[in-house]
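The sequence and structure come first.

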Amino acid sequence: PRADLVFQWPIGSDGRRAVVVIEAKLGARVGDYQLNPYREYARKIARGGPTALILLTSTSDKAERRYRSWSPVRWFAVMRRWEEALAVEGDDDQEFCRIRSHIWAYIIKHGGVFH
């Protein structure tokens, strides 16, 4: 499977890893059976270590009821936290600023601000 973001790091000398899988949807719905392979992939590479599964959407998705092992997170909440951190740390990367701008425009256009 090809999840949007996979973070992993070793947690001991026995090969176990902590794994976070993020499936980021912006304007697309989660397909039937789409998330199960990602969960299995996370378990496989974790080798018995902890896993976290995050479904990142702009609005609610019926997949949130089908896939109880995934934590639903909204783009608006992520972007708001991102902006709070950038206000402190600063942002001088024009390309990064452009990408954030496109995401914000999409969220606002599609009503994600209110979800």
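## Helix H4

The buried residues of H4 are Arg100, Ile103, Trp104 and Ile107, where buried means under 20% relative accessible area, exposed over 50% and partly exposed in between (1.4 Å probe, protein chains only). Viewed down the axis of H4, these buried residues fall within an arc of 100°, so they line one face of the helix; the arc is taken from the directions from the helix axis to the C-beta atoms. On the other side of H4, Gln94, His102 and Lys109 are exposed. Helix H3 (75-89) is included in what covers the buried residues of H4, a contact being heavy atoms within 4.5 Å.

H4 covers residues 94-109, 16 residues, and reaches 22 Å from its first C-alpha to its last, close to the 22 Å expected at 1.5 Å a residue. The expected span is 1.5 Å times one less than the number of residues. At the start of H4, a side-chain oxygen of aspartate 93 comes to within 3.0 Å of the backbone nitrogen of glutamate 95.

## Basis of the model

The model is predicted: local features need pLDDT of at least 70, side-chain atom pairs count only at pLDDT 80 or more, and totals for chains, interfaces and linings use all residues. Residues are numbered from 1 along each chain as its sequence is written, and side-chain values use heavy atoms, with hydrogens and water left out.

## Overall fold

The protein has four helices and four strands, in the order β-β-α-β-α-β-α-α along the sequence. Helices (H or I, at least four residues) and strands (E, at least two) are DSSP runs numbered from the N terminus. The C-alpha trace spans about 45 × 35 × 20 Å along its principal axes.

Of the 115 residues in the protein, 35% are buried. Among contacts with a separation of 6 or more, 55% are accounted for by residues 24 or more positions apart.

The protein has three aromatic pairs, counted where ring centres of Phe, Tyr and Trp (its six-membered ring) lie within 6.5 Å; planes under 30 degrees apart are stacked, over 60 edge-to-face and the rest tilted. One of them, phenylalanine 76 with tryptophan 104, is edge-to-face, at 5.6 Å centre to centre and 80° between the planes. Phenylalanine 76 belongs to helix H3 and tryptophan 104 to helix H4, so the pair ties together parts that are 28 residues apart in sequence. Both residues are buried.

## Nonpolar cores

A nonpolar core is a set of buried Ala, Val, Leu, Ile, Met, Phe, Trp, Tyr and Cys residues joined through side-chain atoms within 4.5 Å. The largest has 14 residues, of which Val21, Leu35 and Trp70 touch the most other members. Strand S2 (17-24), helix H1 (35-46) and strand S3 (51-57) each supply at least two residues of this core, and the largest share, five residues, comes from H1.

Leucine 35 touches Glu23, Val30, Leu55, Tyr67 and Trp70, not counting residues up to four places away in sequence.

## Positive phi in two loops

Most residues other than glycine have a negative phi. Tyrosine 33, not a glycine, has a positive phi of about 65°. Tyrosine 33 lies in the loop between S2 and H1 and counts as exposed at 67% relative accessibility.

Arginine 47, also not a glycine, has a positive phi of about 50°. Arginine 47 is placed in the loop between H1 and S3, and its relative accessibility of 54% counts as exposed.

Key
Polar contact = N/O pair within 3.5 Å; in protein donor to acceptor, adjacent residues only side chain to side chain.
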